[in-house]
Every structure is written in structure tokens, then in C-alpha cells.
2 protein chains.
Amino acid sequence: MRYARVSVGGRAVWGRVGEATVELLSGSPIGGEPDVIGTVERATAVWLPPVIPPVFYAVGLNYPRHIEHAGAAVPDRPEVGYRANNALTGHRTPIVKPRAAEGRFEAEPELVAVIGRTLRHATREEARTSVFGWTIGNDVSARTWQHQDRTFWRSKNSDTFKPMGPWIDTDVDALAQTTTLRVNGTVKASFATGDMVFDPYDYLVEMTRHLTLHPGDVLWMGAEATCRIEPGDTVDVEISGIGVLSNPVHLEGNEPA
Amino acid sequence: MRYARVSVGGRAVWGRVGEATVELLSGSPIGGEPDVIGTVERATAVWLPPVIPPVFYAVGLNYPRHIEHAGAAVPDRPEVGYRANNALTGHRTPIVKPRAAEGRFEAEPELVAVIGRTLRHATREEARTSVFGWTIGNDVSARTWQHQDRTFWRSKNSDTFKPMGPWIDTDVDALAQTTTLRVNGTVKASFATGDMVFDPYDYLVEMTRHLTLHPGDVLWMGAEATCRIEPGDTVDVEISGIGVLSNPVHLEGNEPA
């Protein structure tokens, strides 16, 4: 099944995504069994981030080739960081490049695990069954700020820097897929989604030794490769079996009305 | 006015705190004018974190004496980091020290600004009027993990490491107060709450150059001094004009039922 959140009359409504339509739901399917309360055409749906997480977790270096490229040491244990909800934006909405963000402005294509239930002291099997489904994230990063600042507050968490979507797929074998990054239709990177140092379940087991995960929490799994994006571009992140997250890039002040 | 969230029959309910009672409210007072729907005795109220923020911002080094003690450079601009909602806990609930957390386990007494409205590209005056009120935070930190790990995920964000409360005070002149840290009734530190390198409005102006703040977001303002805490202790953070945030410390596995 595929679940999304769409904007209907300015309100966020959960939906179940079909071939031609999105069935609108009475509530969240994460831990619930909502009723169908209407339908919109899929072609004209306004996609929102498919979930607003209570906590937004993100893995840093987690693909061997990315770690080698960064000249970093391979992590010896799963450690997690954070991103911020203000930065979330949906499929097809603009990524806004701030005028003050000089230097490299990049896309990072990531698999995202969406947690379905409360989890603490999880076994690997409990971690596996706690994942409600999978979506796609683009960890947009302003590299000059990333190097200048003590935290990732503006380099990775400025408004619109975290496109996520278009939906959550609950059936895909996520670690057996291919992640592809395209700019204006040209492939910039392609890698095995599951070629990670630590997989999502390694993270969930380690994290829940010390913290409680809650329904709707998300865990972004890192990227093997990145590429530059510029205002005027359209950047697509595809994960086979899930879908395509596509966003135009605009310069601050040049956003569409 | 003082607003809190209390647990009533297992449900989180907003309340207005009086001398002897807490008037229960029909909804959030942040951006709303809820009705009074009941009353509980203040003496028996079960205090929850007074707000669950969409984004949980926290300032690092922000008091000159703390920066000097840490041997760090004085920041030349306001930069902000993050904490995580799983770690929040209310007034009088236990801080649980994990058995695996060796070395110094410390309390950090902090002023917390609670944002009342959507804010972007704020002037200093807009920043000032955007603050709904003020509460108290204890940025509990496991120092060995803080030094070992690449992020603050378990050193500062393990479950129960972020006591906040007991309530939000909407009238206090927060920067004119005194912050006092006590363990088992003994004063461990006392400092001028407002003796900051950058005050809350400096932060809000700088942050909203790049991001949107939303109602309920919190900004923890850092501490001038810290002190060790151990299982069996009770740690109080008092900010004059706001109140006292008090929490017992338990060793993992020895929590009360």
C-alpha cells in the first residue's frame, strides 16, 4: 500500500494512493485503520511531506563509497543525528536556495524509514516489524555553511531543504532497490540502496538501547553520492519500488507565487 | 499567566495554573483562547512537559563564564542546535541515568523561550512579541558519551534527559531573573539569567533569516554553570519569577513503578 498526505482546501489529509486516484482517509494509517472519506485525482494532487515526525533522525556517513570520498573513517557503530521539521517540504514543491548560501549547493538522495509503533530495547526482529513503510528524502545541503557553522542549523535545515515523499510504501523490499539521482533528466548517480555500513535495523536496535521511538518518527539513511543543483534545475530522487521525489530549485525571491 | 500541561486520566490537558488549583482548558492557549472545562488541585497535579515542540532548538555556549570554563572561543554570531522530543519529561518525574552512562552525569539549568506565532525574517521587535512565554529546562548530559560520540544523540537525548516545566509564564521579565541550581537543597550554582552572549531575540532574528519558527517551538538558552547529579539526588532548577523545576534522579532499572 502507498500512503501520502495531500492538501485539500488548505488542510492536510491522509490518502491511500492508487493508479489514478488518491482515496482520502479520516486519519493516520500509522497505528490506525481510517475510513475512506473522499477521492481526489492523483494527477492534480498537492503532495505534502507524507508525515511530520515527532523526532526527525538522520544518519550521516553510511555508504562505504561516500565515506571513502569524504576521506572519513568508517563508523564502528551506528550513531544518529537530527534534522528539523521546518525544513520539510513535499513532492513537486520548490527547494529554495537562499541568496546568502554561496558555494556548492547539493542534493543527497536518501532512503527513509517511517516508524509505525512505540519501540524501546528492540531486538532486530522487533526493529524490522516496527517499520511502517519507506519513503524518499533529499538531504539538500549548503556546503559553505556546513563547513563554517558549528551545527547543521542552516546548512541542512533552512526552510525547504528537506523534500520528503511522495508517499510511504508499506510493501517494498527497501534494501533490495536502486537509488537514482537525476538533474533535469540526466542521471548524476545511481547506487544500490542497501549497500550501507549499518542497515536501518542496526540503527533502530542501537538507538532504542537509550531512547524510545514513536509512531511517525523518521530515520533518513544517508546517501552514497551527491550532486550539485542550481536554481532552474529540477532534481529527482528515484528509489525503485517506491517512486520518484521531484523538486524544482528556485533562487530565494524568485519562488512561484 | 501560567500555563501547563497536566495528565488527567492518562490524557494530556492544557491548564491555567492558579494558587491552589489548575483550571483545565479545552485546547492550547498558544494562539488560541480555550474555554475552562474543569479544575484539578494544584497539589496533586501530574505535570507534563508544558509543550511538545514542532522543533526543539537549543543554544550551546552562551554564557561568558561557561565559555571561559570550557576553554572555548566566544561565539561571534548566534548559532543554534537541536534536542529531541523523546527526551522530554515533566516536573517531578524521574531523570533516569542509564547503567551504560559512565563518568560525569550533569545538570544544566536553562531558560526556555516558547514561541507563540509563525515567524520569518523577524525584526528584533517582532522577535520580542513572538515569545508566548518562558519556562525552565534542565539539559541533562552524560559527559563521557558527549566526548565519545559524533553527535549528542545519547549524551543529551536519551529518554528523560530533558526535564522541562513546570509551566510557561507569560508575564515574567525573563532576562532580569536569577537562575539557581540546587541538589538535595544545596545551592550548586546561581547566576544572572540574562547574562548571555546573545539574548533570545538575537537568536530569533538570526534564525528566521533562514527558517520559519512555528507556534510551540522552543529555544533553550544555555547555562552558565553545571553540576554533577547521581541516582538518589533530587535536582532543582529555579528561575526567579517563573518557578522551580524539580526532578529526582534514578538509576536505570530502579525507577519507581
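# Briefing on a predicted two-chain model

The largest nonpolar core has 140 residues, and the residues with the most contacts inside it are Val112(A) and Val112(B). The structure is a predicted model. A rotation of 180 degrees, with 0.0 Å of shift along its axis, superposes chain B on chain A with an RMSD of 0.0 Å. The two copies are thus related as by a two-fold rotation axis.

- Neighbours within four places in sequence are left aside in the list of contacts of Val112(A).

**How the two chains meet**

- The contact between the chains involves 22 residues of chain B and 22 residues of chain A.
- On the side of chain B that touches chain A, eight residues are nonpolar, nine are polar and five are charged.
- Of the interface residues of chain B, 100% are also interface residues in chain A, so the copies meet through the same surface.

**The two domains of chain A**

- Chain A is divided into domain 1, residues 1–48, and domain 2, residues 49–251.
- The C-alpha centres of domain 1 of chain A and domain 2 of chain A are 23 Å apart.
- Domain 1 of chain A gives ten residues to the contact, and domain 2 of chain A gives 18 residues.
- On the side of domain 1 of chain A that touches domain 2 of chain A, the elements giving two or more residues are strand E1 (2–8) and strand E5 (47–48) of chain A.
- E1(A) supplies the largest share of this side of domain 1 of chain A, with four residues.
- By class, the side of domain 1 of chain A that touches domain 2 of chain A comprises seven nonpolar residues, one polar residue and two charged residues.

**Arg16(A), a residue of strand E2**

- Arg16(A) has its place in strand E2 of chain A, which covers residues 11–17.
- A residue counts as buried with 20 or more other C-beta atoms within 10 Å of its own, and as exposed with 12 or fewer.
- Arg16(A) has 18 other C-beta atoms within 10 Å and is therefore partly exposed.
- Not counting residues up to four places away in sequence, Arg16(A) touches Met1(A), Tyr3(A), Val22(A), Glu23(A) and Leu25(A).
- Val36(A) is 20 residues from Arg16(A) in sequence, and the two are 8.7 Å apart in space, C-alpha to C-alpha.

**Helix H4 in both chains**

- In chain B, helix H4 (residues 200–207) has six buried residues out of eight, so it is largely enclosed by the rest of the structure.
- The buried residues of H4(B) are Pro200(B), Tyr201(B), Tyr203(B), Leu204(B), Val205(B) and Met207(B).
- These buried residues of H4(B) pack against elements of chain B: strands E6 (56–59), E7 (80–82), E11 (109–115), E12 (131–138) and E17 (218–220), and helix H2 (124–130).
- In chain A, helix H4 (residues 200–207) is mostly covered, with six of its eight residues buried.
- Pro200(A), Tyr201(A), Tyr203(A), Leu204(A), Val205(A) and Met207(A) are the buried residues of H4(A).
- Among the elements of chain A against which the buried residues of H4(A) pack are strand E11 (109–115) and helix H2 (124–130).

**Strand pairing in chain B**

- An open sheet of three strands in chain B has the order E13-E10-E18, with antiparallel pairing.
- Strand E13 (141–142) and strand E18 (227–228) of chain B are the edge strands, each pairing on one side only.
- Strand E10 (residues 105–107) of chain B and E18(B) run antiparallel and are joined by two bridges.
- Within this pair, Ala107(B) stands opposite Cys227(B) in E18(B).
- Strand E9 (residues 95–97) of chain B runs parallel to strand E20 (residues 243–251) of chain B, and three bridges join them.
- Lys97(B) stands opposite Leu251(B) in E20(B).
- Strand E19 (residues 234–239) of chain B runs antiparallel to E20(B), and six bridges join them.
- Val237(B) stands opposite Leu245(B) in E20(B).
- E19(B) and E20(B) form a hairpin with three residues between them, and Gly241(B) in the turn has a positive phi of about 85 degrees.

Methods
Residues are numbered from 1 along each chain as its sequence is written. Chains are lettered from A and ligands numbered from 1 in the order in which they are written. This is a predicted model: local features need pLDDT of at least 70, side-chain atom pairs count only at pLDDT 80 or more; totals for chains, interfaces and linings use all residues. Two residues are in contact if their C-beta atoms, placed from the backbone, lie within 7 Å. Ala, Val, Leu, Ile, Met, Phe, Trp, Tyr, Cys and Pro count as nonpolar, Asp, Glu, Lys and Arg as charged, and the others, Gly among them, as polar. Two strands pair if DSSP finds at least two bridges between them. Copies are superposed by least squares on the C-alpha atoms of residues with pLDDT of at least 70 in both. Domain bounds come from an automatic or database domain assignment. A nonpolar core is a set of buried Ala, Val, Leu, Ile, Met, Phe, Trp, Tyr and Cys residues joined through C-beta atoms within 7 Å.
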